[in-house]
Amino acid sequence: MRRPLIAGNWKMFKTNPDTSVFLAEFLPKLSDVPSGRDVLLCPPFLSIARAVGLAAGTPLCVGAQNVYPKENGAFTGEVSPLMLVDAGVKYCLVGHSERRAYFGEVDTFLNEKVRALLEVGITPIVCVGETLEQREAGQAESVVAEQVRAGLTGVAITSVVVAYEPVWAIGTGKTASAADAQQMHASIRTVLAALGEAELVRILYGGSVKADNIAELMAMPDIDGALVGGASLDPSSFYAICNYVEKG
Ligand code: PGA
């Protein structure tokens, strides 16, 4: 019912030449990935046009990692939703924990981004997740529930993707166990059920996803895909993740 989505987040890695090198190796392999799966790459802004150009005519989608929620104006250094449309962007990350932690982005502002993206037809991937301190204090589910509710206020939830990324698992090599991730995904779906048709919303897991843990995660009923950081930088490791073997 929900198409799996495997998304790569390149963060602040890769120039245009690096993007070309990556895609020259990755795109030919993409035809081996089962066609019922969506594959997405989110390069830095300046490599988006290159990626869109090279991905034309292939099933690869290209996304952005950030947006500023205004149509245009005196916002030096920012990029608008329409500029992303113009560049060929289909998805955009919102509220990645690095944006929350290093750039002070809060839920009300993130909700503005979600709405601004939906107005131009870009699918927001709304990232949520608890810190280690919050988990240890037993607050993981309540923190994440609040992020989901605040981020999606007034939004048609079937038009968004949610990504659960426990902060302590990002870039650390520590993955949540498939069972713990499933528990949080089920809890997110319960929160979503109060807002709309939760069964239709894809919920991705992110945090040290690798070729050797993707199949176990994807076997969970409420895990509908992955948001992959470090392991998306190498074409063969990202391909191996996209081409995971479904557990019978
Ligand atoms: P990671 O990053 O796969 O390197 O842990 C995930 C993310 O930050 O989206």
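User: In this predicted model, what do the buried residues of α10 pack against?

Analyst: The buried residues of α10 pack against β1 (5-9), α1 (16-30), β2 (38-42), α9 and β8. The buried residues themselves are Pro235, Phe238, Tyr239, Ile241 and Cys242, in a helix that covers residues 235-242.

User: What puts these residues on the same side of α10?

Analyst: Their arc around the axis is only 160°, and therefore they lie on the same side of α10.

User: Why does Asp222 count as buried?

Analyst: Buried means under 20% relative accessible area. Asp222 has 13% relative accessibility, so Asp222 counts as buried. Asp222 sits in the loop between α9 (214-218) and β8 (225-228).

User: Which residues does Asp222 touch, not counting those up to four places away in sequence?

Analyst: Asp222 touches Arg2, Gln182, His185, Ala186, Arg189 and Ile203. Ala186 is 36 residues from Asp222 along the chain, yet their C-alpha atoms are separated by 6.0 Å.

User: At what angle do α5 and α7 pack, and how far apart are their axes?

Analyst: Helix α5 (residues 107-119) and helix α7 (residues 140-151) pack at about 45°, with axes 8 Å apart.

User: Which residues of α5 and α7 meet, and how do they divide by type?

Analyst: From α5 come Asp107, Asn111 and Val114, and from α7 come Glu146, Gln147, Ala150 and Gly151. The residues of this contact divide into two nonpolar, three polar and two charged. Gly counts as polar.

Technical notes. Residues are numbered from 1 along each chain as its sequence is written. This is a predicted model: local features need pLDDT of at least 70, side-chain atom pairs count only at pLDDT 80 or more; totals for chains, interfaces and linings use all residues. Side-chain values use heavy atoms; hydrogens and water are left out. Helices (H or I, at least four residues) and strands (E, at least two) are DSSP runs, numbered from the N terminus. Buried means under 20% relative accessible area, exposed over 50%, partly exposed in between (1.4 Å probe, protein chains only). Contact means heavy atoms within 4.5 Å. The arc is that of the directions from the helix axis to the C-beta atoms. Axes are lines fitted to C-alpha atoms, for helices over the stretch in contact, and angles run from 0 to 180 degrees between N-to-C directions.
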